[in-house]
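Try each task before reading its solution.

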Amino acid sequence: MAASAINFGTVLHAEDNPWGLVYEQAITENVPGKVNIHPVKYSLDGIEIAANVYTPAGYNPDEKEYPAIIVAHPNGGTKEQVAGLFAQRMAEKGYITIAADASYQGASGGEPRHTDKPYFRINDIHGMADYISKYPGVDPQRIGAFGICGGGGYTLGAAKSDKRFKAVATLSMFNSGRVRRNGFMDSAMPTIQQRLKDASDAREKRVTTGEIVFTGDMNLTDEEIEKLPFDLYREGAIYYNRTHAHPNSTFRYTMESLMDLMTWDATDQIHLINAPLLMMAGNKADTFYMTSDAFEKATGTLDKELFLIPGATHIQTYYVPEYVDQEVNKLTEFFGKNL
């Protein structure tokens, strides 16, 4: 099939928005009395974190306390993409929200760049809670957590121990540990030991020579994208590299990170989550097996719900208006009841 057969639809450009936001109907200016965006920076264990805080229309911290929601972005994503979309949409519903770039990624600090280890990603979520709990007008007793794709798996990881989260939600949850260990759809299990050795060798190379080995680069032509075997990778390549591309977004991560990723799993000790839990996914998503597995194992809460979006694939839940509207409505109902 010719490369021109790909229908990109609307292509958004970071340079067209003053905050680099690349989602539909993103804020283009702060208008008094409406939802506003506030770029912030804070220190987390010595690393400078770059985040955006969204405040609701009529925000007045002197007269009212607000519930808050932290939003964790997908693997390779940034705060300006789908995480920003949901942060803005939930601010429109009356919440103070925060979306931060993961440490070692995006506009946040940390070296080596593109380190992608579960401990850091989970600590980023704790760090967002630290920051937003002290934000003017936030009621620290009404904080919720929402994670998308890989951020969803890490949100489950954070919620096992962080009881500040009074309600926990995920969208298109991606269990990074399982996929890095077993391959997508558990297709690479015979090569686990070799990939662990490759990761170990990469660490040794860094220690002895200072050279950083990377994996996950995905700079593909349109024709190569069309030939990818899974909807997740094919549609993800279009979303991240074409229609909603951001200069800080990349699939690249250090090979050494696999030493940590491959020995972690989002469902380990998941029964420790005792807060209300909402897990959302498209019913056509080829990643749904991960949401289904985690939902079944989340036995520590009696208040849990699996919400399926008819007709949606994994990536389509990020941007297709009719799907996003359903997801926002469900999140509003869920957080409204529990925060």
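**Exercise 1.** Compare the span of helix α10 (residues 321–338) with the expected one, then work out which residues it buries and where they lie.

*Solution.* 
1. Helix α10, a DSSP run of H or I with at least four residues, has 18 residues. From first to last C-alpha it reaches 25 Å, close to the expected 26 Å, where the expected span is 1.5 Å times one less than the number of residues.
2. Take buried as under 20% relative accessible area and exposed as over 50%, with a 1.4 Å probe and protein chains only. The buried residues of α10 are then Tyr-323, Val-324, Glu-327, Val-328, Lys-330, Leu-331, Phe-334 and Phe-335.
3. Down the helix axis these residues fall within an arc of 165° (directions from the axis to the C-beta atoms), so they line one face of α10.
4. Turned away from that buried side are the exposed residues Pro-321, Glu-322 and Lys-337.
5. Elements covering the buried residues, by contact (heavy atoms within 4.5 Å), include β3 (66–72), α1 (82–92) and β5 (138–148).

This is a predicted model: local features need pLDDT of at least 70, side-chain atom pairs count only at pLDDT 80 or more, and totals for chains, interfaces and linings use all residues. Residues are numbered from 1 along each chain as its sequence is written, and side-chain values use heavy atoms, leaving out hydrogens and water.

**Exercise 2.** Describe the burial and contacts of the whole protein chain.

*Solution.* 
1. Of the 339 residues, 57% are buried.
2. Among contacts with a separation of 6 or more, 73% join residues 24 or more positions apart.

Technical notes
Helix = DSSP H or I, 4+ residues; strand = E, 2+ residues; numbered from the N terminus.
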